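Reader: I have the coordinates open and would like to talk through some packing details. Could you take me through them?

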Amino acid sequence: MEDLIPVFMKIGLSEQKAKDTAKNKKLAPMLASVIDDASARDAGCEKEVGNLLYHLASTISKDALAHRTFLVNKITKGDLKTNDQVTAGIKFVDDLEAIDEKAFDEATGVGIVVTAEQVDAIVAGFIDDNKDNIVANRYKTLGPSLANVRKLESLRWADGALIKKALDEQYLALLGPRDERDLPQKKKKEPKPKKEAAVKEEETRSVDPTRMFFEGELAKLHKPGGNKQIDPALMEAHLKATGGKVMTRFPPEPNGYLHIGHAKAINVNFGYAKAHDGLCYLRYDDTNPEAEEEKYFTSILDTVRWLGFEPWKITYSSDYFQQLYELALQLIKSGLAYTCQCTGEEIHANRGGDDGGPRIACAHRDRPIEETLLQFDHMKQGRYKEGEVTLRMKMDLESGNPQFWDLIAYRVLYTPHHRTGSDWCIYPTYDYTHCLVDSFENITHSLCTTEFTQSRESYYWLVDALKVYKPVQWEYGRLNVTGTIMSKRKILKMVTSKLVNDWDDPRLYTLVGIRRRGVPPEAINNFVLGLGVTTNKTVINAMRLDAKVREYLDDHAPRLMTILDPVKVVLTNLPDDYVEDITVPNKPRDASMGEHVVPFTKVVYIDRSDFREQDSKDYYRLAPGKSVGLLHVKHPVRCVSIDKDAQGNIIALNCEYENNIEFKKPKTYIHWVADCPARDSPVRFDEVRVYEPLFHHDNPEKVEGGYLKDMNENSLTTIKGAIATVGFYDQVADWVKKTGGKDKESMRWQFVRTGYFCFDWDTEFDLELAKQGKIKEALRRTVINRTVTLKEDAGKSS
């Protein structure tokens with residue numbers, strides 16, 4: 001349908017959207033017909049009108065099709081000016097034989113104009129009525145308030161953008177800018193004065209965790225009870241069972257580990273239910289025993305809880321195997337299913353093959369019902385080999401939607417199931433199971449990604465064919481991140497080829513991998529919520545996730561002076577037994593995070609990167625004859641000579657502690673660690689693992705030779721001999737006290753001037769000793785992962 005692309009562009013669609021629409025075998029002909037109704041194929045129309053025509057074409061119901069021309073005329077005449085009005089118009093004409101235009105105009109707000117001044121006044125009244133709650137709960141109420149204001153009859157036909165603008169402005173006037181009180185999932189701290197700049201920075205970081213569920217397309221989703229049923233009695237029974245609550249589900253297949261894209265699905269399904277005071281299931285879609293393992297079930301639940309969500313119920317598709325089987329019998333008896341003995345190749349060829357040729361019904365499509373029932377029973381009894389016979393749904397081979405080409409409902413598999421053992425040797429497919437289990441569980445909103453858009457029509461067909469409750473399926477754009485591979489098959493290839501260590505390798509974007517790398521769950525949730533929910537397919541730069549990780553860790557991670565590549569510094573003018581206690585804050589300018597004491601002695605270590613033998617004007621760190629500050633130490637130090645070994649390698653820097661001359665503030669300060677065995681300093685790490693991107697390019701699958709050719713050979717550097725100050729012990733002790741030491745990766749730091757780091761799972765310690773505060777004795781092996789770098793400051797070359 002490429003000839004439609006210029007037609008679609010004439011009504012204001014972008015070239016890319018026009019191309020995507022032309023590929024949609026269901027939407028493209030509908031939009032073309034709507035454009036013809038509007039006489040806009042050649043002349044085109046204004047973009048605003050085109051958007052309304054597109055909305056009509058993409059949302060019109062089957063029952064409203066008879067009145068499509070009427071609706072198009074109301075749009076082109078200017079009576080219907082918004083998507084909401086078009087939606088109301090579709091709903092009004094549903095099932096009507098004749099239209100009372102006066103009643104239609106009243107129902108769709110034709111002629112009603114709500115000015116910006118009126119919107120401001122109505123919003124002001126709402127805020128005044130709810131002022132106590134808004135003042136008490138601040139910006140946490142903004143999302144629900146937006147939803148409630150939009151429900152006001154006086155604003156039903158107002159411009160949504162005006163409503164949102166008025167509400168935002170009046171919240172700001174009442175409450176002032178967002179501050180730490182508005183941050184989600186943040187522990188309360190002692191109130192302290194904040195500089196204006198700090199408040200402004202904090203404001204940019206706050207995320208209202210519910211707001212996205214009351215904006216955009218999500219705000220337009222139906223209320224429980226608003227989804228039309230083939231029999232009104234089905235809705236009555238549904239509402240009786242649910243009490244009118246929103247019901248959602250997160251339905252992963254337990255055949256692999258979840259990845260970053262699943263974090264969005266988890267947030268959307270659990271978050272939408274929570275925002276509407278509803279309930280969300282965790283449902284394992286366990287209909288393929290060949291690929292399912294217990295470790296995946298355990299990991300999925302652990303990951304959901306790690307992200308901060310608790311399922312209302314944990315269920316399995318296998319819970320419903322008997323019900324699904326009985327409905328398959330009903331489908332057969334209704335003449336809507338048949339047993340098929342075609343091979344996979346034959347089914348593909350009958351559906352048009354690789355060339356998209358004509359579709360042909362298979363030889364078994366008109367098999368008598370009794371014969372189909374007998375063969376299906378023989379399938380259940382195990383009389384057929386795998387792949388010899390399937391049960392297919394008798395749908396519509398002439399449909400332009402491939403999801404209507406007689407999908408398979410059941411197949412024979414002899415692999416024992418992890419829950420039902422060998423009770424069954426026939427298993428339902430996703431296409432058959434998913435919608436029916438949604439129905440059994442009274443799901444109100446079946447939220448899924450856009451690759452299932454074509455499945456919506458077959459989803460509705462099956463539940464209506466079986467006369468069971470019909471949920472609503474709604475699709476949103478999946479989350480893709482640059483520089484990643486999400487395919488389970490391709491990750492497995494990297495694992496089995498030893499190119500990565502396992503599914504939890506911190507370089508992967510599996511959720512277990514990025515968890516092990518030290519990425520906090522709050523940062524992932526904030527990342528997802530910040531993106532919002534749309535139907536667009538988008539690829540998000542991985543740096544945006546890194547930014548959210550830094551934001552969270554900047555607020556929550558204690559600071560620790562750590563040296564990855566130490567070089568000795570001897571302060572020649574200090575006595576050998578010199579020891580000075582230095583108090584170091586765990587976070588500068590935040591007393592609530594505490595402090596620790598470190599020794600300062602004659603011998604300290606600095607990072608090798610903080611010294612140069614050749615000085616330059618734009619270099620401010622240590623060099624021969626040059627002074628530099630040591631963080632938290634009163635006086636600078638100046639390099640006077642260098643000791644080298646026979647190969648010319650630097651083994652020590654001889655410096656003077658400038659405590660006997662007039663203080664002059666140095667241009668920069670560097671971090672350091674004291675050599676003080678009597679105080680257990682330095683702390684020595686067994687390993688520090690520094691991770692870089694696993695692939696060189698944003699889209700490794702597009703690289704010539706494939707993704708395996710794009711792998712970064714330097715994506716992991718293992719450092720031995722790194723050291724830290726004794727503040728490490730205090731910080732680990734505090735972490736054990738707060739968390740019980742359960743999740744090792746949750747011990748996170750900012751290594752000063754270096755990056756953000758955490759314990760790796762390979763760290764070994766005796767938890768009982770650690771709980772007694774004996775951290776040094778408890779640690780058997782210390783392995784550290786770099787989570788993310790510090791923000792780069794392009795303005796400094798030093």
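Predicted model: local features only at pLDDT ≥ 70, side-chain atom pairs only at ≥ 80, totals over all residues.

Reader: Which residue of strand 28 is the bridge partner of Gln750?

Author: Helices (H or I, at least four residues) and strands (E, at least two) are DSSP runs, numbered from the N terminus. Two strands pair if DSSP finds at least two bridges between them, and strand 27 (residues 748–751) and strand 28 (residues 755–759) run antiparallel with four bridges. In strand 28, the partner of Gln750 is Tyr756.

Reader: In the open sheet of six strands, what is the order?

Author: The pairing in this sheet is mixed. Strand 12 (559–560) and strand 25 (716–719) are the edge strands, each pairing on one side only. The order is 12-27-28-31-24-25.

Reader: Back to aromatic pairs: how many does the structure hold, and what is the angle between the planes of Tyr139 and Tyr171?

Author: The structure holds 36 aromatic pairs. Tyr139 and Tyr171 form a tilted one, 5.9 Å centre to centre. The pair links distant parts of the chain, with Tyr139 in the loop between helix 9 (131–137) and helix 10 (142–151) and Tyr171 in helix 11 (residues 160–175), 32 residues apart. The angle between their planes is 50°.

Reader: Why does Tyr139 count as buried?

Author: Buried means under 20% relative accessible area, exposed over 50%, partly exposed in between (1.4 Å probe, protein chains only). Tyr171 counts as buried because its relative accessibility is 0%. Tyr139 also counts as buried, because its relative accessibility is 6%.

Reader: And Tyr257 with Tyr296: what is the angle between the planes?

Author: Tyr257 and Tyr296 are both buried. Their pair is edge-to-face, with 5.2 Å centre to centre. Between the planes the angle is 85°.

Technical notes: Residues numbered from 1 in each chain as written. Heavy atoms only, no water. Phe/Tyr/Trp six-rings, centres within 6.5 Å; stacked < 30°, edge-to-face > 60°.
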